[in-house]
Amino acid sequence: MFQEKVSASCLNIVTTSTEDGAFQKKGHSARVLSPEEEEKLAKDQVLVSEFKQLKLEKEAQKNWDLFYKRNHTNFFKDRHWTTREFQELKACREKNALYSTERCKVFQCDLTKDDLLDSIPADSVDVVTLIFVLSAIHPDKMHLVLRNIYKVLKPGKCVLFRDYGLYDHAMLRFKSGSKLGENFYVRQDGTRSYFFTEEFLSQLFKAEGYEQVVNEYVQRETVNRKEDLCVPRVFLQSKFKKPFSET
C-alpha cells in the first residue's frame, strides 16, 4: 500500500511495511507530542551528576560489552529493512562481480580514537553504514567518527545513516534521573542513547565536509495486537556524500 501526501513545506510518504504491517511516514516534520508527553519532558530537567557522567564515559566500552554478552544477537531483530531502505547495499552485495566473503576484513576499533587508515586505505570504501551506531557515542565525540570515516570513503560515495529520532518511544520511556543532556539519556545498564534531530545531524555531517543527499524522519506506528498497544517509533534516516575534490 502506497500513498503520497504533498504539502508546501515537505513531502511525506506513507507506506505499510511488508514485514510487520506497521504504518510508516517519511518527511521533514518531527513527531508531534501529546500534552501529556510535553508535560513529562518539561518536568525532566535534572541532569545526571558530572561525576557519574564522567564515569559513564570512562566505562562506555565495558557497558556495551556487557550488553552484548547478555543479549548476543537477539536484541536487534533482523527485519530485512536495510536493503529495502538502502538500495545501495543490495546492489553492492548482489550485483558486484568482485563481491567475495574471502575479501572481507573484520576488525574492531573505537571510531572516536583509532585511525581507520591503519586498517583501510584512503579513499577506498564504496559505502559506509552507520546504523544505530552514532547514538551510542557522546555528542561531543560524534564529529571524530565522521572525520575518521571521511578519510577512507571514496569521493562521490555515501554514508548510509539510520538511528533514533527525536521523540521516539524509547526517549519518552526514560524515567527521571536518566537525562545526561539535551536529547541524551542513560539506560539502567549504563549504555547511553542520543536522539537525533534533522538539523543537528545535518550540521554534524556538513561541518566535516559531507554533502547532504537525504535527511528525513521515519515515523512508524507499530501495533502490538496482543497487548492492544500502538507504539510510536521515530528514526532519522539519511545519506551523506563525500564530494569530489575541486581541481
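**Strand pairing**

I started with E9 and strand E10 (residues 229-241), which pair in the antiparallel sense over 13 bridges. Strands here are DSSP runs of E with at least two residues, and helices are runs of H or I with at least four, numbered from the N terminus. Two strands count as paired if DSSP finds at least two bridges between them.

Before going on, I noted that this is a predicted model, where local features need pLDDT of at least 70, side-chain atom pairs count only at pLDDT 80 or more, and totals for chains, interfaces and linings use all residues. Residues are numbered from 1 along each chain as its sequence is written, and side-chain values use heavy atoms, with hydrogens and water left out.

Next I looked at the turn of that hairpin. There are 4 residues between E9 and E10, and Asp 228 takes a positive phi near 55 degrees. I also found that Asn 224 has Leu 229 in E10 as its bridge partner.

What else does E9 pair with? Strand E3 (residues 23-27) is joined to E9 (residues 211-224) by 5 bridges, and the two run antiparallel. Here Gly 27 stands opposite Tyr 217 in E9.

**A second look: E6, E7, E8**

I then found an open sheet of 3 strands in the order E6-E7-E8, with antiparallel pairing. Its edge strands are E6 (179-181) and E8 (192-194), each pairing on one side only. Neighbouring strands of this sheet are turned by 25 degrees against each other on average, direction ignored; the axes are lines fitted to C-alpha atoms. E7 (residues 184-186) is joined to E8 by 3 bridges, and Val 186 has Arg 192 in E8 as its bridge partner.

**Whole chain**

How much of the chain is buried? The chain exposes about 15500 Å², and carbon and sulfur atoms supply 52% of that; the areas come from the Shrake-Rupley method with a 1.4 Å probe. Of contacts (heavy atoms within 4.5 Å) between residues at least 6 apart in sequence, 70% join residues at least 24 apart.

**Cysteines**

How many disulfides did I find? The structure holds 0, a disulfide being a pair of cysteine sulfur atoms within 2.5 Å. Cys 158 is buried at 15% relative accessible area, whereas Cys 230 is partly exposed at 46%.

Note on methods: Axes are lines fitted to C-alpha atoms, for helices over the stretch in contact, and angles run from 0 to 180 degrees between N-to-C directions. Buried means under 20% relative accessible area, exposed over 50%, partly exposed in between (1.4 Å probe, protein chains only).
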